[in-house]
Amino acid sequence: MTKRRIDPVTGTETTGHQWDGIEELNNPLPRWWLWTFYATILFSLVYVILYPAWPLVNRATDGVLGWSARDDVAREIAAVDAAQAEMRASLVGTDLAALDRNEELLAFATNAGAAVFRTHCSQCHGSGAAGALGYPNLLDDEWLWGGMIEDIAYTVRHGIRNEADPEARWSQMPGFGEILDRDEIATLVDHVQALPGGQDPVAGPGGALFDANCTACHGADARGNRDMGAPNLTDAIWLYGNSDAQLTEVIAEGPFGVMPPWGTRLREAEVRAVAAYVHGLGGGEVPAADSSAGSLPDTEATE
């Protein structure tokens, strides 16, 4: 039992506790502090009666006022949707190829598309759309399936090599590990690595292997084929890497990148908006008649 006594200096009772000879005084709490504490208790009692507070098995208590944060968010979303309804309808009804002729609508689509991209696309393509190993860079002007805004919208809407959408873009590179031996694959790896430097695609031992096994998809000039999503092998852009080990794996096993269809998850206006956003990132193509270059770039991104 602690021994309490009166402190001779202050005349205040001690608590009986001391540390290093210093005794603790039993001073009462300030009256203002006590009343504040009592007020917080009263406030908490009122709050749990008026607002959702006590957790139950599947939900929380509703509260007398019936207020819900989710209802507030839903009302705000509905208000934004109502405010944007006209612009969304206009976006859905506008030919994507002519979207750039309406500056206001294009600005709306780009801003809305940026939000869609950050929410649904950045996990794979990166927050800056620069991609990663196995995920295409959307900032350049190289497109596997075409870089026109309509092409991008189709890719977003239906996806690539997925089984959920019968209209998904589909192609498959076979695994040559069961067709070619290790030495042949090594020769082909060396040959493909040299293509961006100007190597003749069908010259030499590697060229013979390339001609016999690869030109059906990548072409005799190795510049790819958009109809089947076959990449350009002469542009030094490597979706899965260009090291000996990486190219050996690609040739031996065959890559099979999958993109889900977003047409079932996003509204049509959102699909068009994100297509406009991606198209405007820097590598989007325009019809030949509107392009100063007069021709389309080579292929390789959006797989």
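Guide: A salt bridge is a side-chain nitrogen of Lys or Arg within 4 Å of a carboxyl oxygen of Asp or Glu. The model is predicted, so local features need pLDDT of at least 70, side-chain atom pairs count only at pLDDT 80 or more, and totals for chains, interfaces and linings use all residues. Residues are numbered from 1 along each chain as its sequence is written, and side-chain values use heavy atoms, with hydrogens and water left out.

Visitor: How many salt bridges does the structure hold?

Guide: The structure holds nine. In one of them, Arg 88 pairs with Asp 81 at 3.7 Å, N to O.

Visitor: Are Arg 88 and Asp 81 buried or partly exposed?

Guide: Buried means under 20% relative accessible area, exposed over 50%, and partly exposed in between (1.4 Å probe, protein chains only). Arg 88 is buried at 18%, whereas Asp 81 is partly exposed at 25%.

Visitor: Which Arg also meets Asp 81 at 3.7 Å?

Guide: Arg 267 forms that salt bridge, at 3.7 Å, N to O. Asp 81 lies in helix α2 (residues 69-93) and Arg 267 in the loop between α8 (244-253) and α9 (268-279), 186 residues apart. Helices (H or I, at least four residues) and strands (E, at least two) are DSSP runs, numbered from the N terminus.

Visitor: Which residues make up the network of salt bridges?

Guide: Asp 81, Arg 88, Arg 267 and Glu 270 are linked in it.

Visitor: Turning to Glu 23, what does its side chain meet?

Guide: Glu 23 forms a salt bridge with Arg 5 (2.6 Å, N to O). Glu 23 is in strand β2 (residues 22-25) and Arg 5 in the segment before β1 (14-19), so the pair ties together parts 18 residues apart in sequence.
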